[in-house]
Amino acid sequence: MTSTLPRPTDAELEILAVLWSIGPATVRQVYEVISRRRTAQYSTILKFMQIMAEKGLVVRNQDQRAHVYAPTKPREWTQQQLAGHLLERAFNGSAKALLVGALSASRASREELAAMQKMLDEYRKERK
Amino acid sequence: MKPIEILIASPAAAGIGWTLLHSLWQGAIVASVLGAMLLMLRTARARYVAACLALLALLTLFTLTLLRLAPETGQKIPERHRTVPVWNTVAQDVGSSDWKLNVSAAAPWAALLWMAGVLLMFGRYSLSSISVSRLRRRGVCCAPDAWQREVEKLTARLRISKPVRLLESGLADVPTVIGHLRPLILMPVGMLAGLSPTQIESILLHEIAHIRRHDYLVNTLQRCVEALLFYHPAVWWISAAIRKEREHCCDDIVVSISGEPHEYARALAALEQNRFSPAAVAAAGGSLVKRIHRLLYPKTRGAWAPFVAAMILVLTGAAVVAGWAAKSPQSDAGAKQPVTEESLGPYSNAYYKWLNEDVAYIIDQAERTAFLALTTNEERDKFIEQFWERRNPTPGTPNKFKEEQYRRIAYANEHFASAVPGWRTDRGHIYILYGPPDELEVYPRKEIWLYRHVEGIGDNATITFVDSSGRGDFRLSPGTSLAPTPPAPKEKP
């Protein structure tokens, strides 16, 4: 099942983003976060989340009276799936040229990460 | 003619081609001066401004050169050797070893390639814009209230009047600023979890510093310049310098406000560690490593920097002077700036007119090259005098040839003018070269000229002009050749 997990649609991705952000949540909680950004219908979001549960994108915990939904896969996994998708890669890759931010568009290598860590550790030792 | 051929033959294409060539040395000079400046300037902000100005200077030089070299269509007579067949080809071979001619031939093709490249680059640019607007909307959700309040606090502190929104994104890979008028900060969802409040503040501060400095707008403009001058290594180098100094500027703002370089450096390293995309295989220039080093150990410039800078400036200056000097009379082969017809300058418009109008059809390529190499007006006057004397049928007496030449030009201007001056029309061209035809057949929209004998071509040459538009714009009919064709096949009306 894991490998055949469908690619989330835009609406589903929005719900997933909320679940990643606030953790496992009820439909009501998801609705509240989404409606802060745009007008949304509670019933629509409920419907979407039921479909997502059927697809296997989220799991439903029915222990409590209000069902709590959680993403099946952690965000890193889904993001990597999305980022690996050809279309997504093309879009994200070209968007990077227009964005400004704290980190550069290209990822640091393992050696660089290690070098950074070493530098930070040494700095801390010097200060102590 | 096919569209591409028309394009290649147009004066605009030649102008663009030469502009591209000139921009190469212009860029080299600008880049070396910037290189020296970057070594001398102490603050990231000053270096950033210098790099931006350098890019602007390159763009300005390019535009000015283009405006100067690509006059509006129809001011020159570039199609002289193209629309009119055979008779000039012999003369043309004389000067073909001259590098300037070779460049002139290649220039329109360079222009064509450049246009294709720009089209491609702007295509990529629009794709990027679409992606960005997608990123604004897709897979985003509101960030926790605490952060949004933090953003409000920090924007107030940096005196930003625009409202800044903060969203979490399921698609963004790194913290990102989008938009200039309605700036939006995108945080990769869950990315800030696990960072201390001080660290979160420093990262948000960095993004807000970008907004404060209008970096998104500048970056967009910068991309446009890159798309326009994509072929130029100097542009990419300058652009990379701008990007680097931009991050340094924001880092400086963060440290000056938070006063915690170590916390900030750790936050950057942690963010990089948490990126969901897999680690790069090859080192990406190690820019973050250098930035973190810069944060932890703010360095003073090496004592050698001013010397290196001075050396770069001296070498650049020497190269410019050498290039200038090589332009002088005898050899323009090594000149950085080739002598073009335009470089005669406005002070010598009369000579320009003489070369490109009065004797345009009768001067041969060797003479033209020789004339263009002249540097003083005395030399040019002398040249013109000798030019006519060489053609004087009875040397020493009043020059019948010259008189006839000017009479033909006057006649052509009087009788053949249409959208363009008479001397530049096809009929004018032939009239000025060969004089009045021996026989003339005139039809509506068509004229057939017959010459009994044309020097160097043969007997009984017929030339057909067709006015396909009906506006008196007679053109040499396609396929007309002045090759000797006795007996000339009579065209039926």
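Visitor: Which residue stands opposite L476(B) in β8(B)?
Guide: F465(B) stands opposite L476(B). Strands here are DSSP runs of E, at least two residues, and helices are runs of H or I, at least four, numbered from the N terminus. This is a predicted model: local features need pLDDT of at least 70, side-chain atom pairs count only at pLDDT 80 or more, and totals for chains, interfaces and linings use all residues. Residues are numbered from 1 along each chain as its sequence is written, while chains are lettered from A and ligands numbered from 1 in the order in which they are written.

Visitor: In what order do the strands of the open sheet of chain B lie?
Guide: The order of the four strands is β5-β6-β7-β8, with antiparallel pairing. Two strands pair if DSSP finds at least two bridges between them. β5 and β8 (475-476) are the edge strands, each pairing on one side only.

Visitor: How many bridges join β6(B) to β7(B)?
Guide: Eight, with β7 covering residues 458-466. Here H453(B) faces D459(B) of β7(B). β5 (residues 439-443) and β6 (residues 446-454) of chain B are joined by five bridges. Y443(B) has K446(B) as its bridge partner. β5(B) and β6(B) make a hairpin with two residues between them, and R445(B) in the turn has a positive phi of about 65°. β7(B) and β8(B) share two bridges.

Visitor: How are two packed helices described?
Guide: By the angle between their axes and the distance between the axes. Axes are lines fitted to C-alpha atoms, for helices over the stretch in contact, and angles run from 0 to 180 degrees between N-to-C directions.

Visitor: At what angle do α11(B) and α12(B) pack?
Guide: About 165°, with axes 9 Å apart. α11(B) and α12(B) are therefore roughly antiparallel (over 145 degrees). Residues making the contact include L268(B) of α11(B) and I292(B) of α12(B). Contact means C-beta atoms, placed from the backbone, within 7 Å.

Visitor: What span does α10(B) reach?
Guide: From first C-alpha to last, the 26 residues of α10 (residues 233-258) reach 38 Å, close to the expected 38 Å. The expected span is 1.5 Å times one less than the number of residues. G259(B) follows α10(B), with a positive phi near 70°.

Visitor: How many residues does each chain bring to the contact between chains A and B?
Guide: Chain B brings 58 residues and chain A brings 44.

Conventions:
Two residues are in contact if their C-beta atoms, placed from the backbone, lie within 7 Å. Angles under 35 degrees count as roughly parallel, over 145 as roughly antiparallel, 65 to 115 as roughly perpendicular and the rest as oblique.
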